Amino acid sequence: MLDEALAEARAAFEEGEVPVGALVVRDGVVLSRAHNRVEGERDPTAHAERLALAEAARASGYERLVGATVYSTVEPCFMCAGAILLARPARLVFGTRDPKFGACGSLADLPRDRRLNHRLAVVEGIRAGECAALLREFFRARRVGRLGVRGGRR
């Protein structure tokens with residue numbers, strides 16, 4: 001499934017968005033897929049994970065995504081980790097860590113924090129090299145002016 005999330009991340013790259021892609025899957029069925037739309041939507045909350053969660057909730061007709069797995073190419077930030085916890089999936093799978101903003105093992109570990117009322121299994125490092133390389137390529141292109149993206153992380 002991370003290959004599909006990578007396809008979403010590549011679509012974000014082509015749109016000048018930070019290349020992060022996400023999917024929500026339950027019982028082998030893809031409920032939603034999304035990529036970053038921060039620039040295009042002019043919305044600082046339009047991260048791939050949050051957009052995928054919202055669409056999956058609409059598609060399933062219920063805000064709780066019990067039994068689902070969230071796939072992301074990059075470790076979710078604090079906002080997305082919080083949204084994932086509120087949606088109540090069973091598992092999070094992500095590609096590469098985000099040492100500057102990651103809230104699922106890097107700066108914090110919200111999905112496994114025992115102080116919270118919901119925890120979920122986290123699997124990390126799936127296709128991490130590809131996910132990290134796409135991010136490096138994006139930021140390299142942005143530094144040399146090949147992308148018309150304004151500041152910000154995502």
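Q: Which residues of helix H4 (residues 78–87) are buried?
A: A residue is called buried under 20% relative accessible area, exposed over 50% and partly exposed in between, with a 1.4 Å probe and protein chains only. Helices (H or I, at least four residues) and strands (E, at least two) are DSSP runs, numbered from the N terminus. In H4, the buried residues are Cys80, Ala81, Ala83, Ile84, Leu85 and Ala87. This is a predicted model, in which local features need pLDDT of at least 70, side-chain atom pairs count only at pLDDT 80 or more, and totals for chains, interfaces and linings use all residues. Residues are numbered from 1 along each chain as its sequence is written, and side-chain values use heavy atoms, with hydrogens and water left out.

Q: What covers the buried residues of H4?
A: Look for contacts, that is, heavy atoms within 4.5 Å. The cover of H4 includes helix H3 (48–60), E3 and E4. After H4 comes Arg88, with a positive phi near 65°.

Q: Why does Ala87 count as buried?
A: Ala87 lies in helix H4, and its relative accessibility is 6%, so it counts as buried. Apart from neighbours within four places in sequence, Ala87 is in contact with Leu53, Glu63, Arg64, Leu65 and Val66. Ala57 is 30 residues from Ala87 along the chain, yet their C-alpha atoms are separated by 8.2 Å.

Q: How does the span of helix H1 (residues 2–14) agree with its 13 residues?
A: The expected span is 1.5 Å times one less than the number of residues. For H1 this gives 18 Å, and the end C-alpha atoms are 18 Å apart, which agrees. H1 is followed by Gly16, whose positive phi is near 80°.

Q: Which residues of H1 are buried?
A: An α-helix has 3.6 residues a turn, so residues three or four places apart point the same way. In H1, Leu2, Ala5, Leu6, Glu8, Ala9, Ala12 and Phe13 are buried. They lie on the same side of H1, because they cover an arc of only 155° around the axis; the arc is that of the directions from the helix axis to the C-beta atoms. Their cover includes strand E1 (21–26), strand E2 (29–35), strand E3 (69–74), strand E4 (91–96) and helix H5 (128–143).

Q: In what order do the five strands form the open sheet?
A: Strands of a sheet pair through backbone hydrogen bonds, either parallel or antiparallel. Here two strands count as paired if DSSP finds at least two bridges between them. The order is E2-E1-E3-E4-E5, and the pairing is mixed. E2 and strand E5 (121–124) stand at the edges with a single partner strand each, so one side of each has no neighbour in the sheet. On average, neighbouring strands are turned by 15° against each other, direction ignored.

Q: In which sense do E1 and E2 pair?
A: E1 and E2 are antiparallel, over six bridges.

Q: Is E4 enclosed by the structure or open, and what are its partners like?
A: E4 is largely enclosed by the rest of the structure, because five of its six residues are buried. E3 and E4 pair in the parallel sense over five bridges, and Thr69 stands opposite Arg91 in E4. E4 and E5 also pair in the parallel sense, over four bridges; the bridge partner of Leu92 in E5 is Val122.

Q: How many disulfides does a search of the whole structure find?
A: A disulfide is a covalent bond between the sulfur atoms of two cysteines. The cut-off here is a pair of cysteine sulfur atoms within 2.5 Å. The search finds zero. Cys104 is in no disulfide, and the nearest cysteine sulfur, that of Cys77, is 8.5 Å away. Cys104 is buried, with a relative accessible area of 0%.

Q: Where is Cys131 found?
A: Cys131 is in helix H5. Its sulfur is 14 Å from the closest cysteine sulfur, in Cys104, too far for a bond. Cys131 is buried, with a relative accessible area of 2%. Residues up to four places away in sequence not counted, Cys131 touches Leu2, Leu6, Thr73, Gly95, Thr96 and Ile126. Arg119 is twelve residues from Cys131 in sequence and 25 Å away in space, C-alpha to C-alpha.

Note on methods
Axes fitted to C-alpha atoms, helices over the stretch in contact; angles between N-to-C directions.
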